[in-house]
Amino acid sequence: MTIGERIRARDAEVGGISVRRLLPYRARRTIGAWCFIDHMGPVTAAPERSLQVGPHPHCGLHTVTWLLEGEIVHRDSLGSEQTIRPGQLNLMTAGAGVSHAEETAAATTTTQHGVQLWVAQPDATRHGAAAFVHLAELPEVGFGSLRASVLVGGVGDQVSPAGVDTPLVGLAFVSATDTSGTVPLDPSFEHGVVVPRGTAQVAGEAVTPGELVYLPPGVPSVDLALAAESHVLVLGGEPFGESVTMWWNFVTRGRDEAVEATRAWNAGDPRFGTFDSVLDRIPAPEVRPGIR
Ligand code: MN
């Protein structure tokens with residue numbers, strides 16, 4: 001097989017630390033229902049350089065948090081307070097509205113390294129209830145010498161308990177030593193492959209942090225080889241048949257909904273709930289002209 005588009009990340013900043021934004025990109029807004037891929041760190045936490053994201057809202061999406069190193073405390077308007085560590089998954093469903101904050105755990109000087117992913121909710125569920133689940137353990141799969149945790153969806157009979165609304169898969173490959181194998185893919189899915197740490201060969205091509213490789217629908221498998229101490233994410237899904245508008249932390253259909261979500265958050269509308277946080281609430285910026 002040949003790989004499709006190969007994209008370089010854009011640099012951005014979230015909560016005081018630099019991130020590599022791999023999705024959306026110019027030519028593509030979604031891969032399956034995955035609509036946002038931020039790779040944060042690695043950065044060594046210090047009071048002036050640690051992840052501190054104050055209360056902010058979401059709608060129309062799931063957030064998926066996955067760490068390679070360090071830990072983050074999540075608090076939300078559902079009353080959740082949860083520390084997440086490497087190998088664990090946080091899945092928050094926004095539906096019509098939720099708000100949360102993410103902090104580097106107090107008094108840590110450890111390295112922070114992880115990914116934050118968003119999954120667009122389809123029209124059928126995007127006005128629904130908010131929810132939060134923490135999964136301390138995930139199913140694992142192996143292909144050749146490759147080993148992966150199943151974040152969402154499944155391969156064969158290994159299925160993640162994380163509930164999402166559209167056909168989707170997320171696999172996290174971790175290697176202590178050189179590993180390789182052939183990963184079976186659902187040919188009705190499109191996929192993106194990113195490398196948060198180390199180096200991987202994807203269909204024979206070297207891929208490093210800050211790059212995303214897109215695999216179009218129709219690909220039945222991909223050969224993957226990880227150098228020692230590498231970490232690779234394979235994220236896929238059925239092409240998302242709905243056109244989404246992404247503005248700030250909102251996934252909507254069209255500009256008017258984004259304007260209304262912005263107004264509601266800035267007015268303290270109960271739609272997004274409330275909770276106590278030592279961090280400042282983050283105001284929503286006015287929707288930029290040109291957002292459709
Ligand atoms: Mn968030």
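In sequence, the donor residues of the manganese ion follow the spacing H-x1-H-x41-H, where donors are N, O and S atoms within 2.8 Å of the metal (3.2 Å for Na, K and Ca), and sites may look incomplete since water is not among the atoms. Because His 58 belongs to strand β5 (residues 52–58) and His 100 to strand β10 (residues 98–104), this pair ties together parts that are 42 residues apart in sequence; strands (E, at least two residues) are DSSP runs numbered from the N terminus. The model is predicted, so that local features need pLDDT of at least 70 and side-chain atom pairs count only at pLDDT 80 or more, whereas totals for chains, interfaces and linings use all residues. Residues are numbered from 1 along each chain as its sequence is written, and side-chain values use heavy atoms, with hydrogens and water left out.

The protein donors of the manganese ion are the NE2 atoms of His 56, His 58 and His 100, which lie 2.1 to 2.2 Å from the ion. His 58 is buried, with a relative accessible area of 1%, and His 100 also counts as buried at 1% relative accessibility, where buried means under 20% relative accessible area, exposed over 50% and partly exposed in between (1.4 Å probe, protein chains only).

Seven strands, in the order β2-β3-β4-β11-β6-β9-β12, form an open sheet with antiparallel pairing, two strands being paired if DSSP finds at least two bridges between them. Strands β2 (10–14) and β12 (131–135) stand at the edges with a single partner strand each, so one side of each is left without a neighbour in the sheet. The antiparallel strands β2 and β3 (residues 17–23) are joined by five bridges, and Val 19 in β3 is the bridge partner of Ala 12.

Terms used. Helices (H or I, at least four residues) and strands (E, at least two) are DSSP runs, numbered from the N terminus.
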